[in-house]
Amino acid sequence: MDPDDLDDSTVIGASAEDFGELSKDRAYLIVIAGTQVGEMIALKESTVLGRGGDADVRLVEEKMSRRHCRLFIEGGEAFIEDLGSSNGTFVNGKRIESQKLSDGDKIQVGETTILKFTYNDQLEENFQRQMYDSALRDGLTKIFNKKYFHDRLGAEFAFTQRHRTPLSLILFDIDHFKKVNDTRGHLAGDRVLTALAAHVLKLVRTEDVFARYGGEEFAVLCRQTEVSRAQTIAERIRASVQQLEIVFGNERIPITVSVGVAMIPDRHIGSVDDFIGVTDAALYEAKRGGRNRVVARPLT
């Protein structure tokens with residue numbers, strides 16, 4: 001893919017925290033191609049990009065080095081330097097060792113990931129964030145949507161298969177949720193979904209990917225996580241939800257969740273569909289076993 005073929009219309013959105021000013025506006029990288037398209041990265045004084053856990057910003061990219069390149073601010077200007085990566089760092093199609101960046105420069109790292117360097121003011125940042133949210137987040141709960149989750153799951157699955165690092169998947173859904181809708185109405189059901197999502201979002205780790213997977217079903221993708229650790233996270237979610245205070249119409253709505261957990265690498269799991277299927281089977285075993293419980297595969 002030629003970076004020059006990509007323009008501003010390719011950008012989907014924004015997700016960044018305020019970080020201080022570089023001259024008039026803020027300096028960002030926007031992912032305009034790759035599995036994390038639409039993400040906006042606020043540049044610090046020094047920011048290392050790579051696929052390794054010790055990088056400041058981890059990108060899911062097969063042909064990227066663990067510490068691929070570094071962007072830094074010096075004398076009020078932004079620069080990029082390659083950190084001895086295997087496949088090189090390219091700015092506007094040319095391989096570089098170190099180079100000053102200008103607004104609009106396109107940076108390619110690995111095979112598919114392209115980032116645009118830009119300065120944005122607050123108005124542009126807010127617009128980018130709104131676009132990002134509408135494309136990648138669930139409209140009701142505001143957590144990631146199913147499409148984004150599937151895209152990330154596919155990328156993380158490929159990474160794990162190649163590097164043999166652990167990747168765990170947690171699926172859970174609300175027990176007897178239909179009864180909530182039938183007896184209290186759909187507004188009450190929506191209240192349950194939004195309260196649950198906001199609560200669980202506080203429980204998962206920053207590096208986890210939390211999404212609404214279906215109507216009342218949710219998913220958590222846990223990178224670099226063994227099944228025993230993922231089971232602990234799942235149990236924390238289950239126990240905390242059981243104590244959650246959800247009030248609608250001056251009445252408390254008690255809920256519980258059933259949870260399934262699985263991990264790769266696993267010789268019985270050869271595809272993303274297999275991974276989801278095994279985790280889903282664990283979830284339904286939890287339901288058959290009485291609900292409000294966690295089942296992990298393999299059993300721990």
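Buried here means under 20% relative accessible area, with a 1.4 Å probe and protein chains only. With residues up to four places away in sequence not counted, Ile237 touches Phe172, Val200, Leu203, Val204 and Val220, contact being heavy atoms within 4.5 Å.

Helix H4 spans residues 186-203, 18 residues in total. From its first C-alpha to its last, H4 reaches 26 Å, close to the expected 26 Å, the expected span being 1.5 Å times one less than the number of residues. Buried positions in H4 are Ala188, Gly189, Val192, Leu193, Ala195, Leu196, Ala197, His199, Val200 and Leu203. These buried residues pack against strand E12 (167-174), helix H3 (177-184), strand E13 (209-212), strand E14 (217-223), helix H5 (227-242) and strand E15 (247-248).

An open sheet is formed by six strands in the order E2-E1-E11-E10-E7-E8, with antiparallel pairing; two strands pair if DSSP finds at least two bridges between them. Strand E2 (40-42) and strand E8 (94-96) are the edge strands, each pairing on one side only. Strand E1 (residues 26-33) and E2 are joined over three bridges in the antiparallel sense, and Ile30 has Met40 in E2 as its bridge partner.

The protein has an average pLDDT (the predictor's confidence in each residue, from 0 to 100) of 87, and 87% of the residues score at least 70. Confidence is lowest in helix H1 (residues 122-136), with a mean of 66, and highest in E17, at 98. The pLDDT is below 50 over residues 1-24, a stretch with 58 contacts in the model beyond near neighbours in sequence.

Residues are numbered from 1 along each chain as its sequence is written, and side-chain values use heavy atoms, with hydrogens and water left out. In this predicted model, local features need pLDDT of at least 70 and side-chain atom pairs count only at pLDDT 80 or more, whereas totals for chains, interfaces and linings use all residues.

Technical notes:
Helix = DSSP H or I, 4+ residues; strand = E, 2+ residues; numbered from the N terminus. Buried < 20%, exposed > 50% of the residue type's maximum accessible area, 1.4 Å probe, protein only.
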